[in-house]
Amino acid sequence: MEAIVEACDYHGPYPGNFIPSLLAVGDAVRLRLGLEYVPVFPAQVCGRPWVDLVRSRGYEPHFIPAGGDVRTHARALHDIAASARAKLIRSHFTRFDIAAGIGARRIGARSIWNIHSGLLEYTPMRRLSDVMKVRLLGRVLCDRLIAVSDEIARELRIRGHPAPKVSVVLNGIDVSRFNDLPARAEARAALGLGPEERVALAFCWTPFRKGADLIAAACAREGSIALLVGGDELANFLDPMPNNVRIIPPADDPRVLFAASDVFVSASREEGLPYAIGEAMAARLPIASSRIPGPAPYFDAPGLETFDNEDVDGLATVLDNLLDPVRRPERGEANRMFVEQRLGLDRHVERVLEIFECELGR
């Protein structure tokens, strides 16, 4: 049977929303296109618990060395794609883009690059890199680019990708993952949080991009706990550690984090279309977001408020409003309904399949 291959440079410690999205696309590829679906990941993640989730859904993942160079990746992807009789290869998270394009061309398959994040700064070095990757190799090795937001699509065009090649497919949120949350008291006890503390949750494993310093400062001014998810990089970034900050490592099941929190904060300085905001909405949390272009598809949600990028005072004001315990449940329910209707996983899968069918038809 012929196949579609997904080359994903995904290193997440837990499946998040990305892996369920892949599996939903895989199910649709099998059902609607009559093709096999082959996910490919870096070898470093082969022992992660979510790999068993992939297998339990009937997909056998393949692994390639993430530490090698483009030639190493290209050879590995070519071998996998040739064995699977791939008709199309889609790459995620940049590192495997060129290798996927080379592998696709060698076997006569279509090549799609899925772009999930933008650039903090468009430096001269990045411009020089784009001359090679975008203007030369991209035109030859890439048939279509999928951007996860209008802002990412605009940036791709600025960087030199031809506009007709760029399509926007908003991330899809699997809201069913958050139908049932742990009890608030139990979740807080598990995280060492008091029952009356006001808690703002944020995912900050890339702390500067995610605005960890802004969140810590705003929570201190507002008098709440900043519950930040991250590792050593986050701890070093905030050193000396503010008294109101609690750092916890990434968890397999984020439902405990959402259940224990009063509000979710996205203070990113630059961002694509983050899954985390949609997941927090699905878990019925109010949202505070920096007013940057990437997450704009979420901004019409009734329980979301924005603040100027890097504006600590503005974030503190938004937090004070969203932490109102009387309106918090109402805002959370409105967010859940919004993300289910506007960014549900079914819509995402339908759009991806439309693009796959278009490229396969060519």
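Reply: Thirteen residues, given as 13 in the count, line the largest cavity, and Arg 90, His 92, His 116, Tyr 275 and His 348 lie nearest its centre. On a 1 Å grid over the protein atoms alone, a cavity is a set of points where a 1.4 Å probe fits but cannot get out, and lining residues have an atom within 4 Å of a point. This is a predicted model, where local features need pLDDT of at least 70, side-chain atom pairs count only at pLDDT 80 or more, and totals for chains, interfaces and linings use all residues. Residues are numbered from 1 along each chain as its sequence is written, and side-chain values use heavy atoms, with hydrogens and water left out.

Me: How much space lies in the largest cavity?

Reply: About 70 Å³, the volume being the space filled by probe spheres set on the points, which are joined across faces, edges and corners.

Me: Which element gives the largest share of its lining?

Reply: That is α1, with three residues.

Me: What is Phe 63 in contact with, beyond its neighbours within four places in sequence?

Reply: Phe 41, Pro 42, Ala 43, Val 45, Cys 46, Val 51 and Arg 55, with contact meaning heavy atoms within 4.5 Å.

Technical notes: On a 1 Å grid over the protein atoms alone, a cavity is a set of points where a 1.4 Å probe fits but cannot get out, and a pocket is an open set with protein on both sides within 12 Å along at least five of seven lines; lining residues have an atom within 4 Å of a point. Helices (H or I, at least four residues) and strands (E, at least two) are DSSP runs, numbered from the N terminus.
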